[in-house]
Amino acid sequence: MSKGGWLAAADALDRSLYRVVNRGLGPRADAFFTGVTELGSIWASVGATLALSARGRRREALDALGAALAMWALGQVAKKAVLRPRPYQSVPEHRLLIQKPRGTSWPSSHPAVLLTYLTVVTRNLGAPATVRRATRALAWTVGLSRVYVGVHYPADVAGGMLMGKGVAALWQSVVSPRTVGSVRSAGAPGTVTP
């Protein structure tokens with residue numbers, strides 16, 4: 001199959017998966033996914049930072065917010081470079097459950113920003129593995145919500161999640177050691193030294 005053939009097949013699969021998820025599961029699922037989708041906004045990361053700062057974890061929270069802002073900025077640049085139309089602009093049969101967002105579709109920034117923030121902050125706070133897994137599941141749930149509410153394709157979410165994971169890893173290796181200290185190799189995983 002030619003490169004164009006593979007791309008066309010991948011796009012067709014992406015659109016098919018979008019239709020399956022966007023079809024909906026009823027009023028309760030609609031309420032759940034519209035309620036959870038904004039947890040990935042940069043404003044939710046700001047709110048979490050303010051809450052953690054009030055609890056005395058300002059450095060850890062600001063470090064995670066910096067990572068989330070870096071991911072958001074990278075996502076905005078990627079959106080301008082790729083210019084993929086939103087599903088509601090190109091799929092005739094769709095449901096749009098929230099206001100039309102600005103910007104283009106790829107990558108999905110909401111789950112990417114949330115994954116970046118949660119990855120960095122849970123590491124900074126020395127959260128146990130079960131908490132880190134739960135926060136990754138939350139980021140994927142927000143990603144699913146973006147397809148469910150009609151503003152992204154599944155490939156947008158997957159691309160955003162990969163970017164979020166990469167930005168978090170890079171941030172943790174380059175920036176976090178300078179802002180919150182180094183991670184002890186002995187003791188609890190993710191414990192941060194002052």
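Phe-32, Phe-33 and Tyr-148 form one aromatic cluster. The model is predicted, so local features need pLDDT of at least 70 and side-chain atom pairs count only at pLDDT 80 or more, while totals for chains, interfaces and linings use all residues. Residues are numbered from 1 along each chain as its sequence is written, and side-chain values use heavy atoms, leaving out hydrogens and water.

User: Are the rings of Phe-32 and Phe-33 stacked or edge-to-face?

Analyst: Rings of Phe, Tyr and Trp (its six-membered ring) pair if their centres lie within 6.5 Å; planes under 30 degrees apart are stacked, over 60 edge-to-face, and the rest tilted. Here the centres are 5.0 Å apart and the planes stand at 75°, so the pair is edge-to-face.

User: Is Phe-33 buried or exposed?

Analyst: Buried means under 20% relative accessible area, exposed over 50%, and partly exposed in between (1.4 Å probe, protein chains only). Phe-32 has 47% and is partly exposed. Phe-33 has 9% relative accessibility, so Phe-33 counts as buried.

User: What is the arrangement of the rings of Phe-33 and Tyr-148?

Analyst: Their centres lie 4.5 Å apart. Because their planes are at 35°, the pair is tilted.
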